[in-house]
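Please consult the sequence and structure shown here alongside the text.

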Amino acid sequence: MKRVYIDTMGCQMNKSDTERMLGMLSHLDYEETKDPEKADLLMINTCSIRQLSEDKAFSAVGTWGKMKKEGKKNIKIGFCGCVAQQKAEEIFKRAPYVDFVLGTHKIYSLPEIIKRINNGEKVCECTETHSTEDDKAKDFKINRVKGVNAWISITEGCNNFCTYCIVPYTRGRERSRLPEIIMKEAQDALNSGYKEITLLGQNVDSYGKDFKDRNYRLADLLRELNGLEGKFRIRFVTSYPTDITDELIDTAVELDKVCEYFHIPMQSGSTPVLKAMNRRYTRDEYAKIVAKIRDKVPDVTITSDFIAGFPGETEEQFEETLTAVDEFELDYCNVAAYSPREKTVAAKWTDKFIPEDVKDERFQRLNKKIQENCLKSNKKYVGREMEVLVESFYEHKGKMINSGKTRNFKTVHIPCDKDLTGQFVNVKITEAKTWYVKGTI
Ligand code: SAH
Ligand code: SF4
Ligand code: F3S
């Protein structure tokens, strides 16, 4: 047995790719180690969404390069993921100790690459494809992270070209994975004991638009998944505001396993900023979608992503983001300060860049607003009884805690000495904190 260590950065999409790569490596007799010192193969699965994520990737492989130089000559180093896709051969110039560079399009060529690097070659595989690799997916196992949640990617890539975003360049055009492969991966995950399936895509609502041989969309996939046997939950992320159809909302209400949770990134509360971002909706249109969902789906949680300090954003426009968080009762939002990315349209608007200190100050204010809203929303559930799927069991300040999620994505801490991981329990909510609620069984 050889050992592989993989450092995974970025979003769930990368985590899902890492699970697939570990699966492929298991066919070559590599087992995972959590200790880089013990590894024969060191891999990094990188994220390119902000400059900081890219810098972190190079600094991590730098440490491994040193290890190699200072004695461990036989270790192999792989640079994968979104930064790899974008920079390709350039990686070898910046980090000459890297043995292979593997982009996001052809992760299924990993076994072939491993054979080649073990013969002393240096390999770069970053060519773009316009189809999914589902025909190869069925040949390999997936080594999922242990726990109760299984992530299954349903679309790859993105066609939207928001002016700030690098994803269309690192992940390519949108491709939907075949329902039969997704259903097989879901059934395998359920057979292995996973209790929740999260369908992943940059815009899950676009699922199936590119199928030429069938009319099959996200609502159809949800219906088919909901029909699988056993008690489990289904979630899907991420939704593009104006692509959420009435049919999808109705399906989510009708199907018992689909949870009351939507992640709908708004990015900014100001219509002119949204236009500059090339988002295809106004503040009012976003408002209408949220109102429709809240009207049809009781107790729904809606979360969002926002960018603070987009080029040209005025103080008044930023304040519209603050009021949007309140008005649309958005919970647990991710906030990022704008970071210019190579190739993207907005990165060229240098004369409109917002100074770092102003971006940072807006970032802090927006986070504070979101924290206040989380607490307010959590308080609504005190006294209620809710179903919790327990995800972990750990010690905190001398007490044992079971931590899990409600259907509507609230984190619940349940003090209890018995490990209930993987179980569905009914919990009475007793106290609200900012990031979680407390409850008793
Ligand atoms: N497909 C999703 C988002 C994927 S990227 C959507 O359309 O909403 C995840 C998040 O990273 C985005 O929602 C955005 O808020 C943030 N992001 C993307 N590019 C960024 C940049 N250049 N600077 C700061 N944040 C960025
Ligand atoms: Fe990026 Fe926009 Fe595509 Fe989301 S929809 S991945 S923000 S380009
Ligand atoms: Fe995800 Fe980062 Fe790539 S957010 S798609 S890993 S650029």
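The shell around ligand 3 has 4 nonpolar, 3 polar and 1 charged residues, where Ala, Val, Leu, Ile, Met, Phe, Trp, Tyr, Cys and Pro count as nonpolar, Asp, Glu, Lys and Arg as charged, and the others, Gly among them, as polar. This is a predicted model, in which local features need pLDDT of at least 70, side-chain atom pairs count only at pLDDT 80 or more, and totals for chains, interfaces and linings use all residues. Residues are numbered from 1 along each chain as its sequence is written, ligands are numbered from 1 in the order in which they are written, and side-chain values use heavy atoms, without hydrogens and water.

**Ligand surroundings**
- Around ligand 3 stand Cys-11, Asn-14, Cys-47, Ser-48, Ile-49, Cys-82, Arg-171 and Gln-202, each with a heavy atom within 4 Å of the ligand.
- Ligand 2 has a shell of 7 nonpolar, 3 polar and 1 charged residues.
- Residues surrounding ligand 2 include Cys-158, Cys-162, Cys-165, Gln-202 and Arg-279.

- Strand 1 (residues 2–8) is joined to the parallel strand 3 (residues 41–46) by 5 bridges, and Thr-8 of the chain stands opposite Asn-45 in strand 3.

Technical notes. Two strands pair if DSSP finds at least two bridges between them. Helices (H or I, at least four residues) and strands (E, at least two) are DSSP runs, numbered from the N terminus.
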